[in-house]
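Biologist: I have not looked at this one before. Can you put it up and take me through it?

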Amino acid sequence: MFRLLNKIHHVGMVSEPLVLEVAENTFKAVGSRLGEAVGRRFRGSLAIRHVDAGSCNGCELEIHALDNVYYSIERFGIHFVASPRHADLLLVTGPVSRHMQAAVYMAYAAMPEPKLVLAVGNCGADGGEFGVSYASCGAVRNVIPVDGMIRGCPPTPLDLMRGILALIDRKIPS
Amino acid sequence: MMEPSVWAVDFAAQFREKVVAFRRSSPSIQAPCYRFSVMPEEWGGVAAEAARAGLRWSGLWAEDQNNRIDLTVVLEKDGVYLLVQTRTADDSPSIASHGLYYPAADRSERRLADLFGIAFRDQADSRRWIRHQAWTELETPLRKTYPRSGRDETSTRADSGYPFLGAQGTGVCEIPVGPIHAGIIEPGHFRFQAVGEMILNLEARLGYVHKGIEKIAEGRDPEGLARLAGRVSGDATVAHTWAACMAMEHAAGIEISTRALALRAILAERERIINHLGDIGAICGDVGFAFGQYQFGRLRERCLRLNAELFGHRLMMDTIVPGGVYSDLPSEGGHRLLEEGIELRQELEELSVILDENPSLQDRWSTTGILTTEAARMLGVLGYVARASGVDFDVRRDAPYAPYDTLKVHVPVAMEGDVAARVRVRQEEIDVALDLIDELVSVLPAGSCRMPWSVPASDAEGLGCVEGWRGEHLTYVRFGPDNTIARFYPRDPSVLNWPALERLIIGNIVPDFPVCNKSLNGSYSGHDL
């Protein structure tokens, strides 16, 4: 136990701080702007449901990274929820495989209004390497209405935060 | 290398009368590799004799050759690979199943039945596997005549009517989970039968992320195939791309530079490290030990950032290309890697003591999700799942490919087969990977890191075999005319590891499913293709 506490003390706080003294495109600025936007437009709480619709798992790894101590996205009031019924925003990765088409639609339909959908990754945006085939429906917008997309293969955690911020700025009146 | 291959010659001799061709090499992997063909009626006998001779079943694929189907099974013993092939007589092929002798063959055969319309005789389980509702029983997507675009329809129905095994009795309840799970993970369906909290049986139903990778590989150029291979399973992008490039380079007869080989190994070892770090953290998280989750997650993120700095991509996607690696290591790169190694070792040493000393953590991990050595062998599982159950196999050591042929690869093994053993083996594998990186960096050969591509002959084929972080990857490539791909099959280790989950979970409690699952960590995408 002593070792554990000592390690916690020794490592200290590594979450990157919120100061706004650095350039626009770095994490710090994005983080604090995201926190403000969520505070103002979602009363401090934005609930996200993620659905992998056929991804290679690359996007999932980076979405996961949002929860690590460096990005710690919960600081900004953003949290991932287990049910689409609790979600404000649906984050869909991958080309939509035909075998996931019905499930993706059901998850979308289960969300309460008003709802937002972000297609994540090049595959979500336009089908990426996989495109449309006997097994793939391609882009997410081919299956459900999409409000925005975050390109990248996969998008980095910073890209993801920027993409969420851009969507909120554009879609939700303050 | 004469000794270990004796069995292969003996083995082939049993089929002497029926052997169509027996030749060494082509498709070759660096390790000794033999191949021979048999008549289709001998196919079942191959499995029977192979099982008797103690060969390991490693993979199975098919290819449409003008409506006759070529089947290839890969068997291995003592680091020597044997490819046995047959060609079916007509376009509605029926052939003996290998499942009777090799349970590992079950899902690969069911997959081929779904995609090629092959009927396997005497299958223990003849239910559909990869097919849901995107095509019908009468359609065969991987036949050449089947259009790439498939059916002209706007929406595919949710799957229904799959005959899951049932369980009856007082107090037995069924828990269906997925395809969409509660967390940020890939989709798949799990069907539990439980009494109270105890799991009587688990059946996985995969195939949800099947996106036609084999079909859309056809007609690509080598670079396009490398990009696709890098997206078969995003967490194993280096391993898949390496295996695919190795196969293509063998087909094209290209020898890549020693510098490129060393850089590929550095990338592969780093992939092993980042995945083990992330998973050990997640395994801590799954039993409520948030400290471990955040500490290991922190170390993983640091490695990812160094990847971005040195290789231009956090997950190292597209760093391996046909003929070598995309870009050379920056001049200060070697130094940065060594420096990171020192820090990481120190951190891991501290953390491993904390993990070992935490009784509640050990209580949740020890004796949880046991896979016996016998079951591991029977299912043919790979990688750390096999090694934590006493099955001592690692391609890097047992069928070494460059640059591992000149390195000493220590392979950690445990006997217990529980979650704790899988965590321990993975911790030790990080240490081994760090040692290998140190060695590779300190003697990094000079020279070019990418050789010019030379167009392979039409019909040239190659096999790639590498030890990815999950285990042995096996990738087959055959070229068509004009530098295009005619056939691509990447056998992800998850194909053989998923069935182990169904076995090791029996008798455990439902709340331990996440930790058992994470300790094995099969790839859905790599399995479904």
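Biologist: In chain B, what order do the 3 strands of the open sheet take?

Modeller: The order is S13-S14-S15 in chain B, with antiparallel pairing. Strands are DSSP runs of E, at least two residues, and helices are runs of H or I, at least four, numbered from the N terminus; two strands pair if DSSP finds at least two bridges between them. This is a predicted model, where local features need pLDDT of at least 70 and side-chain atom pairs count only at pLDDT 80 or more, while totals for chains, interfaces and linings use all residues. Residues are numbered from 1 along each chain as its sequence is written, chains are lettered from A and ligands numbered from 1 in the order in which they are written, and side-chain values use heavy atoms, without hydrogens and water.

Biologist: Which are the edge strands?

Modeller: S13 (461-467) and S15 (485-491) of chain B, each pairing on one side only.

Biologist: And how many bridges join S14 and S15 of chain B?

Modeller: S14(B), residues 472-479, pairs with S15(B) over 6 bridges. Arg478(B) has Arg487(B) as its bridge partner there.

Biologist: New topic. How many salt bridges cross the interface of chain A and chain B?

Modeller: The rule finds 6, taking a side-chain nitrogen of Lys or Arg within 4 Å of a carboxyl oxygen of Asp or Glu. Lys7(A) forms one with Glu350(B), with the closest N and O atoms 3.5 Å apart.

Biologist: Which element gives the largest share of chain A's side?

Modeller: H3(A), with 7 residues touching chain B.
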